[in-house]
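I opened the model to look up its strands, its ligand shell and its backbone angles. My notes follow.

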Amino acid sequence: MNTTQCLMNPFYQDCYFSDYDGQAESFYIFIEGNHLPRRLRESETLHIGETGFGTGLNLLSLLSCVLTDPSHLISIKYSSLEKYPLTTERIKELLHPFEKTLGTNLTLYLTYWSSFYESLTPGWNRCVWEFPSVQLDYNLYVGDARDWCREIEPRAVDAWFLDGHSPDKNPEIWSPSVLQSVYDKTAAGGTLASFTASGIVKSPLREAGFFIKRKKGFGAKRHMIQGTKS
Ligand SMILES: C[S@@+](CC[C@H](N)C(=O)[O-])C[C@H]1O[C@@H](n2cnc3c(N)ncnc32)[C@H](O)[C@@H]1O
């Protein structure tokens with residue numbers, strides 16, 4: 001099996017992340033795209049929302065950005081959704097290239113995930129996981145993004161990782177009703193970032209009320225987007 005086949009989600013015929021360097025891509029788009037290195041240093045609590053949990057690489061990129069400082073404990077609420085949760089074995093296989101760089105956080109995450117996965121039920125699933133300098137209130141909605149829309153409190157999320165598959169292969173996760181809900185659930189001053197600058201995504205986000213700008217994309221991609229709710 002080549003790398004692209006290995007990274008493929010069979011439900012959408014698309015990769016979970018870039019076969020060039022998924023960890024660098026995740027960091028560039030979602031972590032830097034939401035200015036999280038600074039916000040993590042300056043905050044004691046943050047609520048992150050994500051559409052498309054997949055392997056959890058974005059969560060791990062976020063955790064690896066927290067400075068392990070015993071005097072600065074941060075509490076992160078992470079609300080994500082996933083229609084097809086992956087087994088621990090499949091996550092291990094997909095994240096194998098980042099074993100060294102993700103280090104202890106990956107080992108801890110896989111241990112937590114394996115018992116969490118066994119207990120998953122449709123709808124919201126919640127756990128509190130401890131990582132160095134981070135208390136993580138982890139919430140996963142198992143089901144379709146279009147149903148989840150109604151089930152997260154309004155004006156609560158500080159930063160969004162909009163990470164479905166490409167809009168031509170996975171239009172439902174980018175549907176206007178999902179993107180309107182993303183806006184409704186965002187706190188004032190909250191932000192979003194996405195790898196896609198497609199009009200199908202940009203226009204409904206602008207219509208919902210986000211200020212959207214384009215930035216150079218990761219690797220060979222021309223553009224990505226960043227958004228702010230004023
Ligand atoms: C590009 S992958 C996400 C990659 C991920 N953030 C990671 O770190 O591995 C997109 C994810 O969205 C999920 N997905 C796609 N459409 C969905 C929908 N309508 N509802 C819920 N999950 C969906 C897919 O199963 C897939 O895991």
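Predicted model: local features only at pLDDT ≥ 70, side-chain atom pairs only at ≥ 80, totals over all residues.

Nine bridges join β5 to β6 (residues 134-142), and the two strands run antiparallel.

I then traced the whole sheet. It is open and has eight strands, in the order β5-β6-β4-β3-β7-β8-β10-β9, with mixed pairing. β5 (123-131) and β9 (211-216) are the edge strands, each pairing on one side only. On average, neighbouring strands of this sheet are turned by 20 degrees against each other, direction ignored.

Next I checked helix α4. Residues 57-64 form this helix, which packs on the sheet and touches β3 (45-51), β4 (74-82), β5, β6 and β7 (157-162). I noted an angle of about 155 degrees between the direction of α4 and that of β3.

I moved to the ligand. I found 23 residues around it, the closest being G52, G54, T55, L57 and K83. The elements that give two or more residues to this shell are α4 and β4. By class, the shell has nine nonpolar, nine polar and five charged residues.

Last, I looked up positive phi values in residues other than glycine. H35, in the loop between α2 (22-32) and α3 (36-42), has phi near 55 degrees. H35 is partly exposed, because 14 other C-beta atoms lie within 10 Å. R155 has phi near 50 degrees and lies in the loop between α7 (145-148) and β7. I logged R155 as exposed, because it has 12 C-beta neighbours inside 10 Å and the class takes 12 or fewer.

Methods:
Residues numbered from 1 in each chain as written. Pairing = 2+ DSSP bridges. Helix = DSSP H or I, 4+ residues; strand = E, 2+ residues; numbered from the N terminus. Axes fitted to C-alpha atoms, helices over the stretch in contact; angles between N-to-C directions. Contact = placed C-beta atoms within 7 Å. Near = placed C-beta within 6 Å. Nonpolar A, V, L, I, M, F, W, Y, C, P; charged D, E, K, R; others polar. Buried ≥ 20, exposed ≤ 12 C-beta atoms within 10 Å, placed from the backbone.
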